[in-house]
Protein chains: 2
Amino acid sequence: MEEEARQRLLRVALKLFVERGYAATTVREIVAGAGVTKPALYYHFKNKEGLYLEIMNGITTAFEQQVAELGNSQGTIRERLIHFLGGLLDGAREQIDAVRLAYSIFFGPPQGAPFVDFERIFDRILEIVEALLKEGMACGQLPACDSWLKAWVIVGTYNTIMEEQLCRKTPRIGKEALIEIIILQLETPGSTERKA
Amino acid sequence: MEEEARQRLLRVALKLFVERGYAATTVREIVAGAGVTKPALYYHFKNKEGLYLEIMNGITTAFEQQVAELGNSQGTIRERLIHFLGGLLDGAREQIDAVRLAYSIFFGPPQGAPFVDFERIFDRILEIVEALLKEGMACGQLPACDSWLKAWVIVGTYNTIMEEQLCRKTPRIGKEALIEIIILQLETPGSTERKA
C-alpha cells in the first residue's frame with residue numbers, strides 16, 4: 001500500500017517533469033496526480049528534489065548493474081562488448097522517460113534541479129569500451145586499431161542510436177543494428193599511429 | 001545603428017533563452033538587456049517567437065549552405081564527405097549557443113516555443129551521407145559496404161562529436177579526429193547482406 005503510493009508518486013512526478021519541466025511542476029500537482037497527501041510525499045522523498053534524485057537514481061543504478069555484470073562476464077571481448085552496450089540500450093529503453101528527463105536537464109536550463117553527473121556516465125562508457133578494445137588487441141582477439149578513435153566510433157554510434165529511441169516513436173535503428181555495427185567495427189583494423 | 005540594435009537583441013535573447021529558458025524569459029528582460037525599447041524589438045522581430053525563429057534560422061541557413069556547397073562540390077566522394085561533415089561541425093561550433101538552445105527545446109519541455117523541425121536536419125544528413133556512400137560504391141571509389149549501416153556509424157559518430165562541442169568547454173575530440181574517422185570508415189568494407 002505504502003509502496004504503491006511511492007511508485008505512483010514516482011510515475012506522476014516523472015510524467016509532469018517531462019511534460020511541463022522540473023521547475024514548473026509543483027509538489028501540489030504531484031500529490032494531486034498521485035492521489036496522495038503532501039505528508040506522504042515528504043515521508044517517502046522529503047521533497048521535490050528527493051523525488052527527482054530517486055528517478056535519476058534509477059538510471060545510475062541500472063548503469064552500475066551493467067558495469068558490474070561486465071566485470072563478472074566471461075566470453076570473448078566481442079561478446080562482452082555486445083552484452084555491455086546492448087544491455088545499456090535495453091536499460092535506456094526500459095526507462096526511456098527517465099532518460100528523457102535527464103536529457104532535458106542536461107541540455108536545458110538547469111531549472112534548479114539538484115546536480116547529477118550525467119557526463120560521468122558517458123565518460124565511463126567511453127573508458128570501458130576503450131579498455132575492452134585494448135584488452136582485445138593485447139590478447140590477439142582483435143586486429144590492431146587506434147583504440148581511442150575506435151572507442152569514439154562505437155560509443156558515438158551507440159549514443160546516437162540511444163537518442164533515436166528517445167526521439168522517435170518508431171525508432172529506425174535499434175539493438176540488432178547496434179550489434180551488427182559493433183561486430184563490423186571489431187573486425188576491421190584501423191590506424192595505430194596516434195601518439196601516446 | 002538599427003542593425004546594431006537588431007544584433008544586440010539577438011545576442012541578448014539567445015543568452016537569456018539558454019541560461020533561463022525560453023518560457024521564463026520576458027520581452028521586458030530582453031529589451032532591458034539590449035538597451036533598446038520594446039517597439040524596437042517589435043519592429044525587428046514582431047515578438048519573442050520572432051526572435052527565437054530568427055535565431056533558429058541561423059542554424060537552418062548554415063545547414064542549407066553546406067548542402068548547397070556539397071551539391072556544387074568537385075572531388076572524390078571522400079573529399080566531399082569530409083568537406084560536408086567537417087563544414088557542419090565548424091558551423092555548429094560557430095553558433096554553439098544557438099545549437100544549445102535548439103537542443104534544450106528539442107529535448108526539453110517545449111516551453112511554448114514555435115515548432116522547428118530539428119529532426120529533419122539530422123534525417124537529411126543521414127540521407128545525404130548514405131547517398132554519397134552509394135555513389136562512391138557505384139563508381140568504384142569505395143569498397144562494398146552496407147551503406148545504411150555505415151551512414152549510421154558515420155553520422156552517429158559525427159553527432160556525438162558535435163555534442164561533445166556542446167557539453168565541454170575543452171572538447172576531447174574535434175574535426176581532426178572526425179576526418180580521421182571518416183577516412184577509416186570509407187576504407188573498410190562491411191556487410192552487404194542487408195535486405196532492400
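Student: Where is Lys46(A) found in chain A?

Tutor: Lys46(A) sits in the loop between α3 (38-45) and α4 (48-72) of chain A. Keep in mind that this is a predicted model.

Student: What about the phi of Lys46(A)?

Tutor: Its phi is positive, about 75°, although Lys46(A) is not a glycine. In chain B, Lys46(B) has a positive phi near 75°. Lys46(B) lies in the loop between α3 (38-45) and α4 of chain B, and with 12 C-beta neighbours inside 10 Å it counts as exposed.

Student: How are two copies of a chain related?

Tutor: In general, by a rotation about an axis and a shift along that axis.

Student: Through what surface do the copies meet?

Tutor: Of the interface residues of chain B, 100% are also interface residues in chain A, so the copies meet through the same surface.

Student: How are two packed helices described?

Tutor: By the angle between their axes and the distance between the axes. Take helix α1 (residues 2-20) and helix α4 (residues 48-72), both of chain B: they pack at about 95°, with axes 10 Å apart. Angles of 65 to 115 degrees count as roughly perpendicular, and α1(B) and α4(B) are therefore roughly perpendicular to each other.

Student: Which residues of α1(B) and α4(B) meet?

Tutor: From α1(B) come Leu9(B), Leu10(B), Ala13(B), Leu14(B) and Phe17(B), and they meet Leu51(B), Tyr52(B), Glu54(B) and Ile55(B) of α4(B). By class, this contact has eight nonpolar residues, one charged residue and no polar ones.

Student: What do nonpolar side chains tend to do?

Tutor: In soluble globular proteins, they tend to be buried together. The largest nonpolar core here has 104 residues. Those touching the most other members are Leu9(A), Val129(A), Leu9(B), Ala13(B) and Val129(B).

Student: What is Leu9(A) in contact with, leaving aside its neighbours within four places in sequence?

Tutor: Leu9(A) is in contact with Ile30(A), Ala34(A), Val36(A), Leu41(A), His44(A), Phe45(A) and Leu51(A).

Notes:
Residues are numbered from 1 along each chain as its sequence is written. Chains are lettered from A and ligands numbered from 1 in the order in which they are written. This is a predicted model: local features need pLDDT of at least 70, side-chain atom pairs count only at pLDDT 80 or more; totals for chains, interfaces and linings use all residues. A nonpolar core is a set of buried Ala, Val, Leu, Ile, Met, Phe, Trp, Tyr and Cys residues joined through C-beta atoms within 7 Å. A residue is buried if 20 or more other C-beta atoms lie within 10 Å of its own, exposed if 12 or fewer, and partly exposed in between; C-beta atoms are placed from the backbone. Two residues are in contact if their C-beta atoms, placed from the backbone, lie within 7 Å. Axes are lines fitted to C-alpha atoms, for helices over the stretch in contact, and angles run from 0 to 180 degrees between N-to-C directions. Helices (H or I, at least four residues) and strands (E, at least two) are DSSP runs, numbered from the N terminus. Angles under 35 degrees count as roughly parallel, over 145 as roughly antiparallel, 65 to 115 as roughly perpendicular and the rest as oblique. Ala, Val, Leu, Ile, Met, Phe, Trp, Tyr, Cys and Pro count as nonpolar, Asp, Glu, Lys and Arg as charged, and the others, Gly among them, as polar.
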